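Here are some notes to read alongside the structure. Please keep the model open and look for each element as it comes up.

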Amino acid sequence: MAEQSKRLRSIDTHFLSSVYHALRRNEHVEFKPRIRQDVGIVYDVFGVDVPEDKLKIYYDRGLIEIVGEVSFPSCPICGDTCLHIFLVCPECNSRNIEKKDLLIHYDCGYTDSVEEFRLSSEGVYHCPKCGKVMKRVGIDYGRPGFGFICRDCRTVFQVPLVEVECEKNHKNRVQQLEVRRCSVYRLSEKSKSLSQVFEQVEILAYELEKLGLDVVKFASLKGVSGVAYTIPVYVKGDPSLIIEIAPEEFIDERYPLLMSIEAVDIPNSVMIIILPSSFRPELESIFNPEKVKIIKVENLSNSIDKVVDEVIKIVGARILGEI
Ligand SMILES: [Zn+2]
Ligand SMILES: [Zn+2]
Ligand SMILES: [Zn+2]
């Protein structure tokens, strides 16, 4: 279990650092589902194949949002999307068929691939069935084009049956297949905002870890209300410490309210919010000072040292039981 949560954390770090770099390069980021044989539906998340259910966790946490849907054919018996197509003989269901350029002898009706008819030096064909000579195309013989020949029952046909088999060997006709709808995702504002503070979070977490604190970067937590949060820096403890940090362009009128709700929704916690100095003081009045501490900085990326100092001061006070 511990291993699994560690793995999930490293995927988060990969995800947010990749978002950060992709946005800096102005890349359009979208996660589209595709079929990987033997696995099923996966999403390419910055070079890592992530199964559908794992990406759903990102959606539940608000890191990605749905932009559309695509359908995949699936087995009506087991739901498998790893399907294999076979062309089969409509007469005997054999899969031992060949695609050939066909020739038909009108006299006897014999049809086979062109190579089965012997072509003499005078440019005439000989029918392998009746032995007659065929001189004129359209009169003695026809060239209907490509078709299929069953190597087991010798039937010649233009349209083969299509058989679809899943990994569990359930055989179905195309028209019997079901469709599975899968979401196409894009980045949410939340993940863009988190990725922007990625470096600051790394530095802050590193400094707090040096103090011997149990720190989780981009922690995934569920509030009492059931809402999932991604906390930039979370310090485990009694009470725990939630450090919220967002770039200025992502802080709007709703931000203080959302933060207040989050502070109350996660029980036995104290919140530190790092805000830009431009943040309007009247909006701060919404915060309960017992529950929320505010640090204001001029420019986040230039003042990470100041942030670290301030956080350590608050953490120190907390350890001494002052807050
Ligand atoms: Zn199946
Ligand atoms: Zn056949
Ligand atoms: Zn013939």
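1. Which exposed residues does the face of α4 turned away from its buried side carry? They are Tyr206 and Lys210. Keep in mind that this is a predicted model.

2. Now take the buried side of α4. Buried here are Gln200, Val201, Leu204, Ala205 and Leu208. Seen down the helix axis, the buried residues of α4 lie within an arc of 125°, so they line one face of the helix.

3. Just after α4, Gly212 has a positive phi of about 85°.

4. Next comes the sheet. It is open and has 3 strands, in the order β2-β3-β4, with antiparallel pairing. Strands of a sheet pair through backbone hydrogen bonds, and the pairing may be parallel or antiparallel. At the edges stand β2 (33-36) and β4 (48-51); each has a single partner strand, so one side of each is left without a neighbour in the sheet. From one strand to the next, the twist averages 50°.

5. Strand β3 spans residues 40-45, and its antiparallel pairing with β2 runs over 4 bridges. Two facing pairs can be found by eye: Arg36 is opposite Gly40 in β3, and Pro33 is opposite Tyr43 in β3. The hairpin of β2 and β3 has 3 residues between the strands, and in this hairpin Asp38 takes a positive phi near 75°.

6. What packs on the sheet? Helix α2, residues 52-60, does so, and α2 touches β2, β3 and β4. The direction of α2 makes about 85° with that of β4.

7. Last, step back to the whole chain. The chain is divided into domain 1, residues 90-159, and domain 2, residues 197-319. How many Å separate the centres of domain 1 and domain 2? Taken over C-alpha atoms, the separation of the two centres is 79 Å.

Terms used
Residues numbered from 1 in each chain as written. Chains lettered and ligands numbered in written order. Predicted model: local features only at pLDDT ≥ 70, side-chain atom pairs only at ≥ 80, totals over all residues. Buried ≥ 20, exposed ≤ 12 C-beta atoms within 10 Å, placed from the backbone. Arc of directions from axis to C-beta. Pairing = 2+ DSSP bridges. Axes fitted to C-alpha atoms, helices over the stretch in contact; angles between N-to-C directions. Contact = placed C-beta atoms within 7 Å. Domains from an automatic or database assignment.
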